[in-house]
Amino acid sequence: MQFQQLQYFVAVAETRHFTRAAELVHVAQPSLSQQIRALERELGADLFLRARGNITLTDAGEALLPLARRILADTDTARHEVQELVQLRRGRVRLGATPSLCTGLLPDVLRAFHDRYPGIRLLIEEGGSHDLVRELARGALDLALVVLPLPTPAPALTTVELLREDLVVVSSPEAPVPGRGGRAVEIPDLEGERLVMFRHGYDLRELTVAACRSAGFEPDFAVEGGEMDAVLGFVRAGLGVAVVPRMVAARAGRGLRVTPLARPGLHRTIALAHRSDVAPPRAARELQRMLLER
């Protein structure tokens, strides 16, 4: 049974005339008649009682007509749904990002994307780069913003460098200026500071701890185990200082002192990643373009 045969059948049923039905579906009348005959052979029953000037439905035709109309209507709906998606009127994007990027980079880009494509649902998953890479690999995400280098080799992923971001030291304005009180903090100066530290698996934790150890000391944690909002809140409360991305510090608002790290400082490289073996959906590709052009 073919879609075209059902289309011809409904046209004849509605016009009760083979020639007018052929004109309606823009096909030659002999071709339409052949397809109707083929459909009847497939079903093993006549669909029409054919008399000169009088075409009526058989019982089999009466039974098929509502089903055929439903199939044709469902096909139109499917075509419309796909066209909506292709034209970015509907759909979804599943984006993974580290919590600091959700706070710093994404709000402005996602607002611009939503303004342009209000029908696209944005599903955001926060996590460390290791978790996001795993979610990408199993197909649970379309795109992910990760910190390079990746914690484990990921040959099945394609990564495109997005930005290189400076890290800064944030502290409470009521606490002494960190380090030696100058305009910038040296990494060795952090040996005398109590740090508010992120949970295990957080890219910023690994980067900060590695920098301290390279400078010859183990960092002293006042509080550890928090996410970005909790870390900033603990710093505002004066529990210690924290090393955070510059974009996050810029968005954090009042209640924080921001001190840069002296050169060469600390930096992190952000990349946009997706699976190499599967092209991202159209909506995800558009978000990818906006992120790269931001």
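## Helix pairs and salt bridges

The model is predicted, so local features need pLDDT of at least 70 and side-chain atom pairs count only at pLDDT 80 or more, while totals for chains, interfaces and linings use all residues. Residues are numbered from 1 along each chain as its sequence is written, and side-chain values use heavy atoms, leaving out hydrogens and water.

Arg289 has a partner. Its side chain meets that of Glu293 in a salt bridge, 2.5 Å from N to O. A salt bridge is a side-chain nitrogen of Lys or Arg within 4 Å of a carboxyl oxygen of Asp or Glu. Side chains of opposite charge can pair when their charged atoms come close. Arg289 and Glu293 sit 4 residues apart in helix α11, so about one helical turn separates them. Glu293 counts as exposed, at 55% relative accessibility. Salt bridges with shared partners join Arg116, Glu286, Arg289 and Glu293 into one network.

Helices are DSSP runs (H or I, at least four residues), numbered from the N terminus. The axes of α11 (residues 282–293) and α6 (residues 106–116) come within 10 Å and cross at roughly 130°. Axes are lines fitted to C-alpha atoms over the stretch in contact, and angles run from 0 to 180 degrees between N-to-C directions. That angle makes α6 oblique to α11; under 35 degrees counts as roughly parallel, over 145 as roughly antiparallel, 65 to 115 as roughly perpendicular and the rest as oblique. Among the residues making the contact are Phe113 and Arg116 of α6, and Glu286 and Arg289 of α11. Contact means heavy atoms within 4.5 Å.

A second pair of helices is α1 (residues 3–15) and α4 (residues 59–86), which pack at an angle of about 120° with their axes 9 Å apart. They are therefore oblique to each other too. Their contact includes Phe3 and Leu6 of α1, and Leu64 and Ala68 of α4.

Asp76 is partly exposed at 43%, and Arg79 is partly exposed at 40%. In the whole structure, a search finds 19 salt bridges.

Conventions: Helix = DSSP H or I, 4+ residues; strand = E, 2+ residues; numbered from the N terminus. Buried < 20%, exposed > 50% of the residue type's maximum accessible area, 1.4 Å probe, protein only.
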